[in-house]
Amino acid sequence: MKGKVIVVGFGPGSKADMTLRAEEVIRTADVVTGYTTYVKILKEFFPDKEFKATGMLKEVDRCRMAIEDAMQGKTVAMVSSGDSGIYGMTGLIYELAFDMDADIDIEAVPGVTAASSGAAILGAPLMHDVAIISLSDLMTPIEKIMKRVELAGEGDFVITLYNPKSHGRQDYLNQATDILLKYRSPETPVGIARNIGRADQNKTITTLGKLKEADVDMFSTVFIGNSQTYVVDGIMITPRGYPVRGKE
């Protein structure tokens, strides 16, 4: 029987935010493969499964391992937090499978990405056009990343920043903030969602002018409003443009 790799986005981390389809695929797969941190999360929910894991920067090895298992006739769930196709492993699985001439089936199962799950915590910041940008320069030159930040700022997009800081990238968020302040008021609302879907989930509402002082780390997702975004009672709202009584 032909093997299969099913690339699964399991959401922000809680069982409640995992889709029924993702849960079914993980439950019935022969092997569940993923990044060490993700495997640790899933072992709590699926303690009887066979898991295989690799650490940070071992994505290619991890995907090759999953494809090789599928070539042996197994069904492999390749897991990613959030969505499998938004900074997930779907693209790499396809690339490597073609490169390896692997006669396997590949399927992608979408999940709830940090942009949508974080937005739900903050209120409704993504009701209009949005740009999702990762500040990690492991795969993309920082000059290109900052160019994308600039163009998104000029275009008045709501901006969601993934990977805003890490131990080795302490200044990139400050650089992005300086760029955006060329196009937006210092009073522009900014929301920070941290540890989305996990026990210590929390949120912060601040402004673009104060973003450099905010507590942001690698577990945070940053939401920068557009020129219409406002905050009411701690809720961040970006109007879509519908006529609303009192705001017409």
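Start in helix α1 and select Arg-27 and Glu-24: being three residues apart in that helix, they are separated by about one helical turn. Their side chains meet in a salt bridge, 2.5 Å from N to O. Keep in mind as you click around that this is a predicted model. Color the pair by accessibility and you'll find Arg-27 partly exposed, with a relative accessible area of 47%. Glu-24 is partly exposed too, at 39%.

**Stay on α1, then jump to a strand**

Now pick Arg-21 and Glu-107. Here is another salt bridge between side chains, at 3.0 Å from N to O. This one links distant parts of the chain: Arg-21 belongs to helix α1 (residues 20-28), while Glu-107 is in strand β5 (residues 105-109), 86 residues apart. How accessible is Arg-21? Its relative accessibility is 41%, so Arg-21 counts as partly exposed. Glu-107, at 25%, counts as partly exposed as well.

**Two helices tied together**

Next, select Asp-99 and Arg-64. They form a salt bridge whose closest N and O atoms are 4.0 Å apart. Asp-99 lies in helix α4 (residues 90-99) and Arg-64 in helix α3 (residues 59-71), so the pair ties together parts that are 35 residues apart in sequence. Is Asp-99 buried or exposed? With 58% relative accessibility, Asp-99 counts as exposed, whereas Arg-64 comes out as partly exposed at 29%.

How many salt bridges does a search of the whole structure find? The count is eleven.

Time to go inside. In soluble globular proteins, nonpolar side chains tend to be buried together. To see it here, select Val-149, Leu-161, Leu-211, Val-222 and Ile-224, the residues with the most contacts inside the largest nonpolar core, which has 23 residues. Several elements each supply at least two residues of this core: β7 (130-134), α6 (142-154), β8 (158-162), α7 (172-180), β9 (189-194) and β11.

Zoom in on Val-149 and show its surroundings. Which residues does Val-149 contact, leaving aside neighbours within four places in sequence? They are Ile-133, Leu-135, Ile-159, Ala-176, Ile-179 and Leu-180. Apart from this core lies another, of 17 residues, and you can find it by selecting Ile-6, Phe-51, Val-79 and Val-109, which are among its members.

**A look at Ile-41**

Select Ile-41, found in helix α2 (residues 36-45). Ile-41 is buried, with a relative accessible area of 16%. Not counting residues up to four places away in sequence, Ile-41 touches Phe-10, Gly-13 and Arg-198.

**On to Thr-207**

Move along to Thr-207, which sits in strand β10. Buried or exposed? At 17% relative accessibility, Thr-207 counts as buried. Show its side chain together with Pro-186: the Thr-207 side chain reaches the backbone oxygen of Pro-186 at 3.4 Å. Along the chain the two are 21 residues apart, yet their C-alpha atoms are separated by 6.5 Å.

**Last stop: a patch on the surface**

Switch to a surface view and select Met-56, Leu-57, Leu-138, Met-139, Met-218 and Phe-219. Together they make a nonpolar surface patch of about 680 Å². With a relative accessible area of 42%, Phe-219 is partly exposed.

Notes. Residues numbered from 1 in each chain as written. Predicted model: local features only at pLDDT ≥ 70, side-chain atom pairs only at ≥ 80, totals over all residues. Heavy atoms only, no water. Patch = residues over 30% accessible without salt bridge, like charges linked within 9 Å, V, L, I, M, F, W, Y side chains within 5 Å. Areas by Shrake-Rupley, 256 points an atom, 1.4 Å probe, with all protein chains shown as cover. Buried < 20%, exposed > 50% of the residue type's maximum accessible area, 1.4 Å probe, protein only. Helix = DSSP H or I, 4+ residues; strand = E, 2+ residues; numbered from the N terminus. Polar contact = N/O pair within 3.5 Å; in protein donor to acceptor, adjacent residues only side chain to side chain. Core = buried A, V, L, I, M, F, W, Y, C linked by side-chain atoms within 4.5 Å. Contact = heavy atoms within 4.5 Å.
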